[in-house]
Number of protein chains: 2
Amino acid sequence: MNNLSEYLVMIPGPTNVSHRVMQAMTTPIINHRSDDFRVLYKQVREKSQKIFQTENDMIILTTSGTGGVEAAVVNLVRKNDKIIIPVNGEFSSRLSTMIENAGGIAVRINSNYDEVPSIEKIEEAFEHNKDAKALYVVYNETSTGTRVDWLNKAADVTSKYGAYLVVDAVSNLAGDDLPVDKWNIDICITATQKAIAAPPGLAILSVSKRAKEFMINNPPNTLYFNIPRFLKYYEQNTETPFTPSLPLFFAYNEALDMIIEEGLENRIKRHKICSEAFYEALESMGFKPFAKPNARSRTVIAVNYKDGMDDKKFRGLLSKEFRVLVAGGFGELKGKVWRIGSMGDVNRYHVLRTLSAISAAAHMLGIRIDNDGVSIADEKLKSLNH
Amino acid sequence: MNNLSEYLVMIPGPTNVSHRVMQAMTTPIINHRSDDFRVLYKQVREKSQKIFQTENDMIILTTSGTGGVEAAVVNLVRKNDKIIIPVNGEFSSRLSTMIENAGGIAVRINSNYDEVPSIEKIEEAFEHNKDAKALYVVYNETSTGTRVDWLNKAADVTSKYGAYLVVDAVSNLAGDDLPVDKWNIDICITATQKAIAAPPGLAILSVSKRAKEFMINNPPNTLYFNIPRFLKYYEQNTETPFTPSLPLFFAYNEALDMIIEEGLENRIKRHKICSEAFYEALESMGFKPFAKPNARSRTVIAVNYKDGMDDKKFRGLLSKEFRVLVAGGFGELKGKVWRIGSMGDVNRYHVLRTLSAISAAAHMLGIRIDNDGVSIADEKLKSLNH
């Protein structure tokens, strides 16, 4: 087996997790129905509100991100509810299926995968579906490295039609602008293993007062993802209805502390600069980012392969010879793009090591590239103040 | 904050987790779509088959036990399916609600909470509901410390009616007799934080060929708990459809090794002896187990409070002065019983320390008890060969 501690994990989640957060998992097991847990739970909820920039209720589920997104669907979507949803990749496509699974009518606004449906298209869809109940948006499409650039204006549209605004921010919350209250987001979902830089296994949701009222009055047909039940257990006893994954709670708590110590604004800026360093450097090397410029993610860098570059060989070299892990394409992009997760603890070292390994691996495969990329990134990264 | 490493965690899950298993969680993060994970996943599946004593397919979900149980419902129960279910506590009651949530008709066979509906009652229910699709059984009722003593005969009944047999063994698999293939169990569910002695956050299910065929032909309306999707991803790529909680996989893998090293039979015997030591010692101290003798769990010891014993005071003393954590009653048994989790790594030290603390705490509360309990347990525990 490989020496796993040599890996630089640059996939779009799970990301590298700091020693400090990893060690927090070994905190001894406690009784999850005792004050030891209540103190932890309360802290974690309050700190979660900080990184979501919200005063809304917080739900913490022991599940992967997809489970969190499913919870955001089954607690709000009821039979024949019309839901408007931009679709430009695997995760938005899955989300529209989940909406249909829940009995809803998914009004899909499609675009090419390298861009994002415009806000005008969304408005148009509401104009044609005035009774639409909600707009579900995947803020950052992990599968294509695209990002919705009009999320700050989404509530202007939804509020006009009295619709809910639900945002899947699994792969960018804490690494991208996302002031939940300012942007009037009813449900916002993220997971621990992306920009938060904790291990996978928890999903976190914020729920607005209005969404909460709906859920309490129309409880969902699920026990495990039952948000009203989570709210009730918190309000009555500061407990979770089901056994929480305690080690993951301790780790998430530590990761939250690290975010607050760094400062959320600094962290978001760091993600922006690192992603820009990646895009500029890769372009100078002659690689083409998959996403169009105005749709580029700040946490997931999807890059087109050059002619003659084999996905398996390239990523194999990166992993085997340089211990740098990047991801392949997803769904119909398999073999056509590779993806870098530039999130979580990402910093100068991560960017420079990844770029130098990419450059070297490309050379080893006989691909001619301009070698200035690393210096360009280095220059760009100088604006990081920490 | 208390020094958490001083706790002896004797609640009915999560249990104490050994240093070795805790440390496994700090294994560096890997790519969950790489051979590093595939090797792990395959091993974990094969070892899971050993502790389930089955050749059936295994599903490993990042979720608490309740999520695993919900998966066993939503993948099998369809609208108007009649499901027979013995109900004698909180968890079997919840399970019957989950069946109804899924559109099924729950045919509840109730009994008092200190016993278990008889197999004759189950047969009778099938006689009156010949078209029943399945029998769902909670093998070990964590809320009442009761255990079904006819599970080995359940398939004789279900096979007569062509019904599926589904077993919730969340709180006793790996600590009690449960040969899945020998007993013809179609779906068996457990979770990591009970008798397996790993941290909470994974649920494990075995799925028979017949149940698998049904699910593939009638896929459920859930994405996160979609068993056919898990089967497909395993068969095609030895991967999970959604990001698995890697630290919990590493920990579970280590816990499986420890079970296999001990020997499953030895482990089951150890649980039996430890539970008997608890029952005999507590009875000699004048405490009355809540469950009737033939319905007593081998992993969860529920005990009636004596007159004048206050739940909060008693468990508070145990926790504060002796750092021994036991659980209170659940639902309608709140304040009437306390519960000891005698599972996982439970051994002489755990039993004797717990009993001595109980004895001392009772004395401190002015409760007269016969003090021979510890010696009686000591004697009983001599038959442990390790």
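**First stop: a strand pair**

Start by selecting A:Val166 and its bridge partner in strand 9 of chain A, A:Ile187. Strands here are DSSP E runs of at least two residues, helices are H or I runs of at least four, and both are numbered from the N terminus. Residue numbers start from 1 along each chain as its sequence is written, while chains are lettered from A and ligands numbered from 1 in the order in which they are written. What you're looking at is a predicted model, where local features need pLDDT of at least 70, side-chain atom pairs count only at pLDDT 80 or more, and totals for chains, interfaces and linings use all residues.

Now widen the selection to strand 8 and strand 9 (residues 187–191) of chain A: they pair in the parallel sense over three bridges, pairing being called when DSSP finds at least two bridges between two strands.

**Inside strand 8**

Is strand 8 of chain A largely enclosed or open? Five of the five residues of this strand (residues 164–168) are buried, so the rest of the structure largely encloses it. Buried means 20 or more other C-beta atoms within 10 Å of the residue's own, with C-beta atoms placed from the backbone. Show A:Tyr164, A:Val166 and A:Asp168 for one side, then A:Leu165 and A:Val167 for the other; both faces are covered.

**Two domains**

Zoom out and colour chain A by domain: domain 1 is 4–14 + 263–381 and domain 2 is 19–262, bounds that come from an automatic or database domain assignment. Their centres, taken over C-alpha atoms, are 27 Å apart. Where they touch, 28 residues of domain 1 of chain A are in contact with 29 residues of domain 2 of chain A; contact means backbone-placed C-beta atoms within 7 Å. On the domain 1 side, pick helix 10 (264–284) and strand 11 (300–304) of chain A, each supplying at least two residues. Helix 10 of chain A gives the most, with five.

**Over to chain B**

Finally, bring in chain B, where 50 residues are in contact with 50 residues of chain A. On the chain B side, select helix 1 (19–24), helix 3 (65–74), helix 4 (90–101) and helix 9 (246–262), the elements that give two or more residues.

Key
Contact = placed C-beta atoms within 7 Å. Buried ≥ 20, exposed ≤ 12 C-beta atoms within 10 Å, placed from the backbone.
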